[in-house]
Amino acid sequence: MLQLKNVSKIYEGKVAYRALTDINLEIETGEFVAIMGPSGSGKTTLLNIISTIDEPTTGEVYIDGKNPHTLSKNKLAKFRRQELGFVFQDFNLLHTLTVEENIVLPLTLDGEKVKEMERKVKQIAEKLGISAILNKRTYEISGGQAQRTAIARAMIHDPKLLLADEPTGNLDSKASKDVMNMLAAINEREKTSLLMVTHDPQAASYADRVVFIRDGKLHSEIYRGESRQTFFQKIIDMLSLMGGDGNDLSSIRV
Amino acid sequence: MTFRQFVFNNVLRNKRLYVAYFLSSLFTVMVFFTFAMFAFHPALSGADIHFSALYGMSVAGGIIYVFSFFFVLYSMSSFLQSRKREFGLLMTLGASSRQIRRMVFLENMIIGFFATVGGILLGLIFAKLILLIAENVLIISETLYFYVPVLAIIITFVSFIVLFLCISFFVSVVLRTKKLTDLIKGNKKWKGEPKASFALGIIAALLLLAGYGVALYVKGMEVLFAMVPVIIVVVIGTYLLFTQLSVYVIRRLKGNRHLFFRKTNMLLFSDLAFRMKDNARTFFLVTIISTVAFSAIGTLYGFHSYLTRGIKDLNPFSYTYFSFIDDSDERIEKDVQRINAILQEENIKADMERIEMTYYHMEASDTPVLIVKASDYNRFARLNDEKEVSPDKNEAVVVNVSARMMGSSSGNSSLIDQPILLQNGVEIKPSETIESELLPEIKGYYIVHDDAFAELGDPLNSSSFFAFKVVEGEKESVMDAGRKMMEQTEYRAQAIDYMVYEIDKAYGPVLFIGLFIGIVFFVSAGSFLYFRLYSDLDDDKYKFQSITKIGLTVGELKKVVNRQTAILFFAPIIVALIHGAVALTALSRFFDYNITEEALFVLGGFAVIQIVYFFIAKLFYVKQIKETVYR
């Protein structure tokens, strides 16, 4: 489904900065992968490259066998709104539009029939439990509802790949749980491939696999077993291992 | 770093943020200064300049000052709106609200000072430019030369420092510091869609229709009485049109899903509705200001053509000589000899015709009526390449001055009903009416067959009329010859080119100042629009960034921005053009003179300028957005 081959990113500037080094990653169709790592590790850069918002300096990205970075700007825009779905930390909803209008925006831009749009909105709003707020404006709803609206917008055109950037970053624990359950259910039911970047081990524990990166390099990855609880524990352990400094340990031992 | 240093550096190092506000202030000062510079021009303050022109100018000066005040206030408040976050940050760091007010006050004074000085300097250049244009377009007798206007500089400087002082004081008092969280959240809050009521929308339409109806219906002096009420009704109607009717229409459009959910329409309409509150105010101001500009220029231009073209149309020949009733034959001979001598002197070749204009007593007319014989008339017709007439022996042709000149009500229509009684008892019946300006008789006259003319008997009185048509001659010598012959024949001779020149000369400064005021108003309207456009730039950048992440092509982005900008630029101007067209129609009814051509020229000219302005503004706006969105 998604394939990254030797992807590197260097930010040119007065001081050139290497954000990603030789990343190789593969995601199967229907898989739910979380990417974790400390601040500045390159998570968001990686996601931006996959989502075609940013370009890799070297290396290739294949989505469903196609390399979107070779497309022209206009084709790329169409590719994004037809093949990809996005969920952002700050929801990225337009405050001039109502919840319903925000959800249908990708279809509207593609010139879908009004009847079809209305049918799809009804369907997805029911699934996500936001039918009651369809006519509200974005400043009249809670953060959890806003994120569910954003998920509805990301899902309404049945994308092949759903990309989520810290989807629980702005939510309280209850709303986070709801949103993660929803994403997991979508992944389960619709077999949509899902790639999520997160800080939150709780959110990451919903994934099938967690990939850890540090300083722009793949560090390790762990798969989920039977229980989400033990998976959560494993993630915590891995994070503390990554956060600790190897030299510190050895100096204590000596 | 003292507090004052902080404020100073905050302005100087943050140029981008302040530049829009600074430029609009600078521009306002420049306009006012250029105006003051002409108003206090030594050539215009002479004793012979018309009192009404001076009065008109001081009124215009006052209006410009009032508009400057509101414009600066408006720019200031939206500038402060966009800086709420910054104030929030400062207060989080512990700045008191008194300090914030002091900061705003100081900042405003710094900007105001530089804007005033810069505006005066730019105004000097601008004035020179305008004068250059004016000299080439208009004939300005009391040559409006360029001068260093000490008085205008002092007045502009003092008025604007006072204005900025007032506004700084006003704003810093008004700037109530609300809750800190509100400030930090800043501009994300929704301003609210203005409420629109169907009833008020209908009232808007009715008011406009009533105003237009009255303006188009009244004639002559009634126009003067109807003017003030119509203006009030139309102004209120325009205000309601933008605040109520437009909101209502946009709501209805949004309600129609097949339209609203179609491609980029959703982005366009939702934005329109969202900004309607700000837009409505700007639209209203721009419409009124532009209407004033259109009407002022249209009136002056129309009046100018009323004077000059009126004379030209009434006088188809280059020179004419029309003797007085009691002039002796010798005098006439001498004058004509003189005219011919002048023509020779100036190397002008001209064809000449003469006619004895004979007036007869008519039963139904109080004044003597002119009757000419067909052969005489036809000689003049040939001279000017016009259609000849050939009435039958017992027929007469009635000649009226063309309706365009006299309006519909004039001309002597009764001539056609009166038979002419000949000495031999034969009655001659007028058979047709034609329009012609060949002979200088505006009350209308008869043309009869030569044989019938012989039977008319002795005329009541008569005078000689000579017409000269220039065949060959330089433009300047034609003009000079005209001046000479008018002076030497004690104004029995008339030279059309020279008369028009004289009118242009006398009318030049008034036309120039009117034109200038019109341009100033129109340009201010433009700067209003520009300011409105750019105060939305950050919102638009954010909006398009969000949508582009989901996927928006460059073409779609351009389409949305184009339409958005087009509505902003053309909605008020189209309304203003309609207002202007109605106003000019009413004016032509007042003068009883058709100025359709002039009105079309003026309104069309403004429309073209606006279109050019739109394309330039749009180009830069799209570029700005594209730069942020597609990096």
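**Notes on the model**

1. Start with the sheet in chain A: 6 strands make an open sheet of mixed pairing, ordered β5-β6-β7-β3-β8-β9. Its edge strands are β5 (84-87) and β9 (217-223) of chain A, each of which pairs on one side only. From one strand to the next, the twist averages 20°. On terms: strands (E, at least two residues) and helices (H or I, at least four) are DSSP runs numbered from the N terminus, and two strands pair if DSSP finds at least two bridges between them. Axes are lines fitted to C-alpha atoms, for helices over the stretch in contact, with angles from 0 to 180 degrees between N-to-C directions.

2. Before going further, keep in mind that this is a predicted model: local features need pLDDT of at least 70, side-chain atom pairs count only at pLDDT 80 or more, and totals for chains, interfaces and linings use all residues. Residues are numbered from 1 along each chain as its sequence is written, while chains are lettered from A and ligands numbered from 1 in the order in which they are written.

3. Next, β6 of chain A (residues 161-165), where 5 of 5 residues are buried. Buried here means 20 or more other C-beta atoms within 10 Å of the residue's own, exposed means 12 or fewer, and partly exposed is in between, with C-beta atoms placed from the backbone. Leu161(A), Leu163(A) and Asp165(A) point one way from the strand, and Leu162(A) and Ala164(A) point the other way.

4. What does β6(A) pair with? β5(A) runs parallel to β6(A), joined by 4 bridges, and Val87(A) has Ala164(A) as its bridge partner. β7(A) also pairs with β6(A) in the parallel sense, over 5 bridges, and here Leu161(A) is partnered by Ser193(A). Moving along, β3 (residues 32-36) and β7 (residues 193-197) of chain A pair in the parallel sense over 4 bridges, with Val197(A) as the bridge partner of Ile35(A).

5. Have a look at Ala19(A), in strand β2 (residues 17-27) of chain A. Ala19(A) counts as buried because it has 20 C-beta neighbours inside 10 Å. Gly216(A) is 197 residues away in sequence, yet the two C-alpha atoms are 5.3 Å apart. Neighbours within four places in sequence aside, Ala19(A) is in contact (C-beta atoms, placed from the backbone, within 7 Å) with Lys9(A), Tyr11(A), Gly42(A), Thr45(A) and Gly216(A).

6. Helix α4 of chain A (residues 114-128) has 15 residues and reaches 21 Å from first C-alpha to last, close to the 21 Å expected at 1.5 Å a residue; the expected span is 1.5 Å times one less than the number of residues. Which of its residues are buried? They are Met117(A), Val121(A), Ile124(A), Ala125(A) and Leu128(A). Seen down the helix axis, the buried residues of α4(A) fall within an arc of 105°, so they line one face; that arc is taken from the directions from the axis to the C-beta atoms. On the other side, Lys115(A), Glu116(A), Arg119(A), Gln123(A) and Glu126(A) are exposed. The cover over the buried residues includes α3 (99-109), α5 (143-155) and α6 (173-190) of chain A. Just after α4(A), Gly129(A) takes a positive phi of about 70°.

7. On the interface, 24 residues of chain A are in contact with 21 residues of chain B. α2 (73-83), α3 and α4 of chain A each supply at least two residues of chain A's side. That side divides into 12 nonpolar, 6 polar and 6 charged residues. Nonpolar covers Ala, Val, Leu, Ile, Met, Phe, Trp, Tyr, Cys and Pro, charged covers Asp, Glu, Lys and Arg, and the others, Gly among them, are polar.

8. Finally, chain B has 20 helices and 9 strands, and 36% of its 631 residues count as buried. Its 9 strands form an open, mixed sheet in the order β5-β6-β4-β7-β3-β2-β8-β1-β9. Helix α16 (residues 475-488) of chain B lies across β1, β8 and β9 of chain B, running at about 155° to β9(B).

Notes. Two residues are in contact if their C-beta atoms, placed from the backbone, lie within 7 Å.
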